[in-house]
Amino acid sequence: MDEASSCGSGGGFRPGVDSLDEPPNSRIFLVISKYTPESVLRERFSPFGEIQDIWVVRDKHTKESKGIAFIKFARSSQACRAMEEMHGQCLSPSDSKPIKVFIAQARSSGSHRDVEDEELTRIFVMIPKSYTEEDLRDKFKVYGDIEYCSIIKNKTTGESKGLGYVRYLKPSQAAQAIENCDRSFRAILAEPKNKASESSEQDYYSSVRQEALGHEHRVNMFPFGHGVVRYFNVASAIYAKYKLHGFQYPPGNRIGVSFLEDGSNGTDLLRKMATQMVAAQLASMVWNNPGQQQFLASLQFGGNSGSQLPQIQTDIVLPSCKKNAPPETAVKERLFIVFNPHPLPLDVLEDIFCRFGNLIEVYLVSGKNVGYAKYADRTSANDAIATLHGKILNGVRLKVMLADSPREESNKRQRTY
C-alpha cells in the first residue's frame, strides 16, 4: 500500500521530519475503526514517546478512512512499547472492536507483512574476547529480561571470536539496548535464524572491525563466490530470485541470483518456471473465481482441467481430510488468515482447513491477501492455528490467528465468488 499517496494528515511526512525508516522500526501500523479520529490516536499513543507524525489511510475518491493508520515515533523503543501495550486494546469505552498494532515493515524491503518478534528481540554485538556469557548477560540485563545469551566461538579452538547474541523477551527491551548501550558494542538487530546465517553476520562485523581499525578497502574482504540452492517447487525458486537478486548483504556486497539449467531437463525446468511466473501474476486476479481457480491450478501443476491436483507441498505433518460441518451450523470460532506473497486457491484452502474437523466454510476477501475460516468447534480452530500459523504451504507462508467475534451470519454473509 502506498502510504504517501493515500494518507491523511497532510499527505505524509511534513518537511523537516526524519525519513520514514529512520531509525529502523520506529513506525507502527494500526488496524482501527474507520471512525477513529487522528486526535484520539495522538492522545492514546503520546504517552509512549515523541510522535513525529500520524497519518490515516483514506480512500482517494471519498476521502473516508480505510481503518488503517501509521504512527511515526522518534525512537524504535517507543514504537515497540506502543505495540506491546496497545495491541488488542480498545481506544475508547464506546469501541467494541480492539485495535491491531504491528511494527511497520521498512518501505525499502519490498514486503507488506508485519515484522515478526524474532526480528525485533535478538541483537548482535561486538564484545571483548575475554567476555563470558555471564559477563554478556550482566552488561545487557539492565535493559530488560534476557531469554538467552550466546558467544560465537572458533569451532576448532573454542576461543571467543569477540561476537555475541542477546535475546530479550520483548522488542522494546532489545531496542532500548541498541539505543543506550556503549557504542563500542556496535549493537544491531540480528537477522532471524531462517533469513541469514551467523557467518553472514560475522562477515558484516568483520567489515565493522576493519572500519574501526582504519582500513579503507573493505570490499576486498568479501571475495567472489557462488553456491547452488535447490527448492522443492518452482514457485519458491522464482520468489527467492525476485526477493534476493540485487540485494546487498552485507552492505556493499550485491547478491546475484539466476536460474540454473538442470542437465538434460534444463529446457523443461525453464518452461515450468515461466509457467509458474505467469500463474503467480494471475493469482491475485483469479483466486476468488472458482472457474478461473481451476484454470490457474492447471497452470501451476502442469495438468489439464480434469487432472487431480498433487499433494500439498509442505514440511509439516497434516492430519487426514475430515468431513465438513453442515453450512447452517452455528459458528463457534472464526480464523483470520494472511497469505504471503499471494492467496492460495480456494480448493487448496478447503483441503487444508478441513483436516482439523468441523470446518463450516473457508473464503477469501476479494482483492486482498487475506481470508477467513469458520469452525463449528473451538478445539478444531485452535488445532488449525497451532499447526498452520507461520508455516509454508505450496510456497505461500500462512499467518493464522483468531478473528474478531463472529457477527450474525444470517445478517451478513461474505461473498465467495
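Predicted model: local features only at pLDDT ≥ 70, side-chain atom pairs only at ≥ 80, totals over all residues.
Q: At what angle do helix H2 and helix H5 pack, and how far apart are their axes?
A: Angles over 145 degrees count as roughly antiparallel. Here H2 (residues 76–86) and H5 (residues 171–180) pack at about 170°, and the two helices are therefore roughly antiparallel to each other. Their axes are 8 Å apart.

Q: Which residues of H2 and H5 meet?
A: From H2 come Ser76, Ser77, Cys80, Arg81, Met83 and Glu84, which meet Pro171, Ser172, Ala175, Gln176 and Glu179 of H5.

Q: Which residues of helix H11 are buried, and where on the helix do they lie?
A: In H11 (residues 378–388), the buried residues are Ser380, Ala381, Ala384, Ile385 and Leu388. They cover an arc of only 140° around the axis, so they lie on the same side of H11. These buried residues pack against helix H10 and strands S9, S11, S12 and S13.

Q: What is found at the N-terminal end of H11, and what just after the helix?
A: Asp377 caps the N-terminal end of H11, with a side-chain oxygen 3.0 Å from the backbone nitrogen of Thr379. Just after H11, Gly390 takes a positive phi of about 80°.

Conventions
Residues numbered from 1 in each chain as written. Heavy atoms only, no water. Axes fitted to C-alpha atoms, helices over the stretch in contact; angles between N-to-C directions. Helix = DSSP H or I, 4+ residues; strand = E, 2+ residues; numbered from the N terminus. Parallel < 35°, antiparallel > 145°, perpendicular 65-115°, else oblique. Contact = heavy atoms within 4.5 Å. Buried < 20%, exposed > 50% of the residue type's maximum accessible area, 1.4 Å probe, protein only. Arc of directions from axis to C-beta. Polar contact = N/O pair within 3.5 Å; in protein donor to acceptor, adjacent residues only side chain to side chain.
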